[in-house]
Amino acid sequence: METIVTGILLGGTYALIAIGLTLQYGVSRIMNLANGETLIAACFVTFWLFTSYAVNPIWGILVIAPIAFAVNWAIYMLLLKPLVDRARNQGMLEVDSILATFGLLFLFQGLMLRSFGGAYTSYAFLAERFELFGAYYGLNRVVAFGAACVIALALYLFLYWTRYGTAVRAVAVNPGSARLVGIDVAKAAALSFALGGALTACGGTLISTFYTFNASMGVVFTMKALIIVIMGGVGDVRGALIAALILGIAETAVAGLIDPGLTLAATYALFTFVLLFRPQGIFGRQQA
Amino acid sequence: MTRLSSGEVLTGILGAATLGVLALLPLADQGYYLSLAINMVLFAALCTAWTLFSGPTHYVSLATAAFYGLGTYTVGLGLDYLPFPVLVVMGGVVAAILAGLVGAATLRISGVYFVIFTFGLAELVRQIVSYTQVKLSSRMGLYVFTDFTERDIYWMLLGLTAVVFITGWLINRSRLGFAMQIIGNDETVAKHSGIDTAKLKIILFMISGAFIGIAGAIIAPRYSYVEPPGAFSPMISFLVVIMALLGGTRKLWGPLVGVIPFTIVMDIVSVRFPNDTSIVMGLAFLVIVYLLPDGITGRLEQFWAYLKKPRAAPEAAPVEERA
């Protein structure tokens, strides 16, 4: 029971990161391997705001999310849009975007190493005990989970209850047909990429409240987010949510029951299972 | 098998002559230049082996570090019990088995899954190796003591590179190579002409992985102490991708053109600016994507074609432009 609750609390934050990535890949068709760097950058900014100006991380989101949105929008327009325009087919765009975002990954990682050093960083925020179902959990984890739920709910309302959200989902399903019904696909793609980056940054801010991080850790999170995205089905927000919770529970269980050094093995076991039996994702439909 | 053309014979003779000259290098210098040359030959072998698979399929494989580390580890584990040449072969076999498993899980479906799977593969293998090692022997590293000098390692790697080249050339001449060309150009066409695309890709991935494993095994005596974080360092995978793509993957010798300058660059950077290696690698990736999409050799070929083309004739309607 304790494992499941801890797993769900962790999975909530993973979900935000993975939803960010699934928007970027599902709608903008960019496999953003530098996603984890956005997350770590958000961790450092939150840390800096908290230690220098005593800004509560939860309020920090209000600053960090818009910045991440703007930065990711600029990255898309300046670096990735040219690749989209030059690609002759989906395969070419995939290879190009993978290589370009690898470049960004190493560039950002190197810049963060320069600015913050390679040391592990953490800070104490709401490091108190919180009782839930007769067991104790870190209050910061519970708060982070709550905040993640609020953000996810807001995103859900945007995607499923507004015209613009519907347009974004339409592009995820089929960019060609979306264009036919008068949706500005290029604009929707840029918006989704920026929105995905902002969500990932929110996830980063929340994770920094209870997790020890360093400048070169982004890749680990990118890896987890990628696997969640594939488990949930590319571009599927609900699938990503469920998959993130499964991954959170599986990781906590393996770390607690077998060995903390084997969390990635747990992730991979899940990944292989999905690839072999449901490559289209949990809720995905078989491609025709 | 067709008969050799005169051009191929010439290339073969030139290649053998270059190999002979390169083999003399340790006689001239045993210090810094030999050590730099070992790095170059190592990456030449790794990048050419990588290109065997990733060149025709366009799948960016990041599994290099996993195969390489397995090769190194096989030598480290077995050195007390088995002779070195046997271990080198075993390193190749173990890597090929892993390649087969990864290929079977991912190469039947789209390429993105393959990239993602190999992205964390080295880290996964590292975790499993560390875990089993701690469970079984309660220590982390392995000592690799042999009588090999840097010079022996250099010669062995040079020999391996030659074998990789010959294998690549033989594959290109075989039915497998022909099939891979079709798959690379259009997978749907390949499937419709009765090619078992998944099976061929897995076979090629295993060959490529085996060579990378062998390279890892040969280099093991150089480290004398092998630890999981070092042996499975993900940097190797990324460096191989950068060097191979920088050179260009269309020709068998393409990666070499990237290996030589980039090994020197990385050598300078790691000495003078040890904290900025990631920045240099990041910039290298961006340069490849935006300025050299087909690598240096691709650009050279374009330039060559431009020179050869008669100036007067205006370009015929470009067919590929339509998308």
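pLDDT is the predictor's confidence in each residue, on a scale from 0 to 100. This is a predicted model, in which local features need pLDDT of at least 70 and side-chain atom pairs count only at pLDDT 80 or more, while totals for chains, interfaces and linings use all residues. Residues are numbered from 1 along each chain as its sequence is written, and chains are lettered from A, with ligands numbered from 1, in the order in which they are written.

**View 1. Confidence in the two chains.** Chain B has a mean pLDDT of 83, with 93% of its residues at 70 or more. Its residues 316-323 have pLDDT below 50, and beyond near neighbours in sequence this stretch makes 2 contacts in the model; two residues are in contact if their C-beta atoms, placed from the backbone, lie within 7 Å. Where pLDDT is low, the predicted coordinates should not be read in detail. For chain A the mean pLDDT is 82, and 93% of the residues reach 70 or more. Within chain A, confidence is lowest in strand E1 (residues 129-132), at a mean of 67, and highest in H8(A), at 88. Helices (H or I, at least four residues) and strands (E, at least two) are DSSP runs, numbered from the N terminus. For the complex, the predictor gives an ipTM of 0.83 and a pTM of 0.86.

**View 2. Where chain B meets chain A.** Here 31 residues of chain B are in contact with 33 residues of chain A. On the chain B side, the elements giving two or more residues are helix H5 (84-106), helix H6 (111-119), helix H7 (121-137) and helix H15 (277-290). H15(B) gives the most, with 9 residues. By class, this side of chain B holds 19 nonpolar, 9 polar and 3 charged residues. In that count, Ala, Val, Leu, Ile, Met, Phe, Trp, Tyr, Cys and Pro are nonpolar, Asp, Glu, Lys and Arg are charged, and the others, Gly among them, are polar.

**View 3. The largest nonpolar core.** A nonpolar core is a set of buried Ala, Val, Leu, Ile, Met, Phe, Trp, Tyr and Cys residues joined through C-beta atoms within 7 Å. A residue is buried if 20 or more other C-beta atoms lie within 10 Å of its own, exposed if 12 or fewer, and partly exposed in between, with C-beta atoms placed from the backbone. The largest core has 189 residues, and Leu157(B), Ala215(B) and Ile242(B) touch the most other members. Helix H11 (residues 197-223) of chain B supplies the largest share of this core, 15 residues. Which residues does Ile242(B) contact, leaving aside its neighbours within four places in sequence? They are Phe262(B), Met281(B), Ala284(B), Phe285(B) and Ile288(B).

**View 4. Phe205(B) in its helix.** Phe205(B) lies in helix H11 of chain B. It is buried because 27 other C-beta atoms lie within 10 Å. Not counting residues up to four places away in sequence, Phe205(B) touches Phe53(B), Ala99(B), Gly103(B) and Leu107(B). Thr72(B) is 133 residues from Phe205(B) along the chain, and their C-alpha atoms are separated by 19 Å.

**View 5. Two packed helices of chain A.** Helix H3 (residues 57-86) and helix H8 (residues 185-208) of chain A pack at an angle of about 145 degrees, with their axes 7 Å apart. Axes are lines fitted to C-alpha atoms, for helices over the stretch in contact, and angles run from 0 to 180 degrees between N-to-C directions. The contact of H3(A) with H8(A) has 17 nonpolar, 5 polar and no charged residues. Among the residues that meet are Gly60(A), Ile61(A) and Ile64(A) in H3(A), and Ala198(A), Ala201(A) and Thr205(A) in H8(A).

**View 6. Thr205(A) up close.** Is Thr205(A) buried or exposed? Thr205(A) counts as buried because it has 29 C-beta neighbours inside 10 Å. Leaving aside neighbours within four places in sequence, its contacts are Ala42(A), Thr46(A), Pro57(A), Gly60(A), Ile61(A) and Ile64(A).

**View 7. Two loop residues with positive phi.** Arg29(A), a residue other than glycine, has a positive phi near 60 degrees. It sits in the loop between helix H1 (2-26) and helix H2 (35-53) of chain A, and counts as buried, with 22 C-beta neighbours inside 10 Å. In chain B, the phi of His58(B) is also positive, near 65 degrees. His58(B) belongs to the loop between helix H3 (32-57) and helix H4 (64-78) of chain B, and is partly exposed, with 14 other C-beta atoms within 10 Å.
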